[in-house]
Amino acid sequence: MFITFEGIEGSGKTTRMREAGRFLQSRGYELLLTREPGGTALGERIRAILLSPEQKGMDPTAELLLYMADRADHVNTLIRPALAKKKVVLCDRYFDATLAYQGYARGLDIELLRAFHRTALNDFMPDLTFLLDLPPEIGLSRALGDRSRSDAESRFEQEALDFHARVRAGYLSLADEDPERFIRIDAAAAPESVDRQIRSALEERFPEQDRNPQK
């Protein structure tokens, strides 16, 4: 199964994904944890460009094409092979982020983005998406106060509050369009509560594996 974690800056996606991974491992599942942009050697080089504050003001179409190049490499060299080996893939951001950031927030045509995704990746989509939702004021406060976050990856944190509000609105619209895939999580709650919400959803879909099957 391919599971993604989405949300605005400071929503806690990376940490919550790791906690979900530990939970699934405890139930006997083999995992791949990855991220976008990044995940592959090429992807990490693209990530350095996309998230660098030195690239502030990047043309939205150039930004989109870099994300799509990263995703094509990521899916074809890492995600699909892992799924073929029956691993559960957990990914920090995916195509929904492109729709929310480059579409709803930057103003690129949503249907053009969807068509691009269909053409480049045969509309390859997650089986399940956790949307960690919270007000942008809270998310940005958390992101800017997180000392573990690298200043070298702060380009999006430097966007105006209105930009992040559009990203959030985009994510909520996407979740409304596809309620069977999306699970909205109250990310403004305490971390323990957020983890419980995610574990509850995973328990329904991932029964504990028998680690000592009878031969």
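Biologist: Which residues in H4 meet H5?

Modeller: This is a predicted model, to begin with. In H4, the residues are Phe95, Thr98, Leu99, Gln102, Gly103 and Tyr104. They meet Ile110, Leu113, Arg114 and His117 in H5. By class, that contact has 5 nonpolar, 4 polar and 1 charged residues.

Biologist: At what angle do the axes of H4 and H5 cross?

Modeller: Roughly 150°, and the axes come within 10 Å. Over 145 degrees counts as roughly antiparallel, so H4 is roughly antiparallel to H5. H4 passes H5 in a right-handed crossing.

Biologist: And how do H4 and H7 cross?

Modeller: Their axes come within 8 Å and cross at roughly 130°. H4 and H7 are therefore oblique to each other. This crossing is right-handed.

Biologist: What does H4 meet in H7?

Modeller: On the H7 side, the residues include Phe163, Val167, Tyr171 and Leu174. On the H4 side, Ala97, Leu99, Ala100 and Tyr104 are among them. The contact divides into 10 nonpolar, 2 polar and 3 charged residues.

Biologist: New topic. How many residues has the largest nonpolar core?

Modeller: It has 57 residues. Those with the most contacts inside it are Ile3, Phe5, Leu24, Phe130 and Leu202.

Biologist: Take Phe5. What is it in contact with, leaving aside neighbours within four places in sequence?

Modeller: Phe5 is in contact with Lys13, Arg16, Met17 and Ala20, among others. Its contacts also include Leu90, Cys91, Asp92 and Arg93. Phe130, Leu132 and Ile198 are in contact with Phe5 as well.

Key:
Residues numbered from 1 in each chain as written. Predicted model: local features only at pLDDT ≥ 70, side-chain atom pairs only at ≥ 80, totals over all residues. Heavy atoms only, no water. Core = buried A, V, L, I, M, F, W, Y, C linked by side-chain atoms within 4.5 Å. Buried < 20%, exposed > 50% of the residue type's maximum accessible area, 1.4 Å probe, protein only. Contact = heavy atoms within 4.5 Å. Axes fitted to C-alpha atoms, helices over the stretch in contact; angles between N-to-C directions. Helix = DSSP H or I, 4+ residues; strand = E, 2+ residues; numbered from the N terminus. Parallel < 35°, antiparallel > 145°, perpendicular 65-115°, else oblique. Left-handed = near helix turned anticlockwise from the far one by under 90°. Nonpolar A, V, L, I, M, F, W, Y, C, P; charged D, E, K, R; others polar.
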